[in-house]
Amino acid sequence: MDATFFLDPACPWTWRTSRWLVAVADARGLHIEWRAFSLAILNSGRVPPEHAEAMTASSRALRLVEALRAEGRHDDAARFYAEIGARSHDAGNPLSAAIVDAAVEAAGLGAAAPALDDDRWDEAVRESHALAYASAGPDIGAPVLMVPGADRGVHGPILTEVPGTDDALTIWDSLLPLIRMSAFHEVKRARH
């Protein structure tokens, strides 16, 4: 893999960053491994009631992401996540069980759907989350990006909009050497 992208399907920031990374992958022929990062785990015991349904739906979706990853089905995981994002973030709908189920169907993953409700995948989700958190944390959220040749991953990049291809490649070309530099720690500015 050329990049490992840890995602939580409920996070709109993660969605925009994923679209950036997909544009980069398409332009550069990169292969992306899709992995689970759970905001429900990160915020255990502190999830506001208004986000509970989205966190439950996200937890179900992450089981399938990890089940597909275990079989090396990265393109299927990408398609599943793209269908979730189109129905949720692009359409302005909070993530729900119905959106997750519709995304499974639209992605042609009906045979893999039992993983959504199989709590045996929860351990794989916890392990993936722990890997991402250990790589880029503490004090991070989703997404986390890891690349070969780097000692640690990074949280982000956090993008307020999906850039065009030229800007997407500029971000990638600027970020990649920083990720691989062990002395690099953080670049940050406040969101508007």
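Author: Helices and strands here are DSSP runs, numbered from the N terminus. The model is predicted.

Reader: What pattern does the protein chain follow along the sequence?

Author: Start with the parts. The protein chain has 7 helices and 4 strands. Read along the sequence, they give the pattern β-α-β-α-α-α-α-α-β-β-α.

Reader: What radius of gyration does the protein chain have, and what would a compact globule have?

Author: The C-alpha atoms fill a box of roughly 40 × 35 × 35 Å along the principal axes. For 192 residues, a compact globule would come near 16 Å. The chain agrees with that, for its own radius of gyration is 16 Å.

Reader: Which percentage of the 192 residues is buried?

Author: A residue counts as buried when its relative accessible area is under 20%. In the protein chain, the buried share of the 192 residues is 47%.

Reader: How many salt bridges does the structure hold?

Author: Side chains of opposite charge can pair when their charged atoms come close. The protein chain has 18 positive and 27 negative side chains. The number of salt bridges in the structure is 12.

Reader: How many residues apart in sequence are the parts tied together by Arg60 and Asp101?

Author: The side chains of Arg60 and Asp101 meet in a salt bridge, 3.1 Å from N to O. Arg60 lies in helix 3 (residues 52-70) and Asp101 in helix 5 (residues 97-106), so the pair ties together parts whose separation in sequence is 41 residues.

Reader: Is Arg60 buried or exposed?

Author: The cut-off for buried is under 20% relative accessible area. Arg60 has 12% relative accessibility.

Reader: Which helix holds Asp122, the partner of Arg63?

Author: Arg63 and Asp122 form a salt bridge, 2.6 Å from N to O. Arg63 lies in helix 3, and the pair ties together parts that are 59 residues apart in sequence. Asp122 lies in helix 6.

Reader: What separates Asp76 and Arg79 within helix 4?

Author: Asp76 forms a salt bridge with Arg79, with the closest N and O atoms 2.6 Å apart. Asp76 is buried at 15% relative accessibility, whereas Arg79 is partly exposed at 35%. Being 3 residues apart in helix 4 (residues 74-87), they are separated by about one helical turn.

Definitions and conventions
Residues are numbered from 1 along each chain as its sequence is written. This is a predicted model: local features need pLDDT of at least 70, side-chain atom pairs count only at pLDDT 80 or more; totals for chains, interfaces and linings use all residues. Side-chain values use heavy atoms; hydrogens and water are left out. A salt bridge is a side-chain nitrogen of Lys or Arg within 4 Å of a carboxyl oxygen of Asp or Glu. Helices (H or I, at least four residues) and strands (E, at least two) are DSSP runs, numbered from the N terminus. Buried means under 20% relative accessible area, exposed over 50%, partly exposed in between (1.4 Å probe, protein chains only). The radius of gyration is taken over C-alpha atoms; the globule rule is 2.2 Å times the number of residues to the power 0.38. Lys and Arg count as positive and Asp and Glu as negative; His and the chain ends are not counted. The place of a charge is taken as NZ of Lys, CZ of Arg, CG of Asp or CD of Glu.
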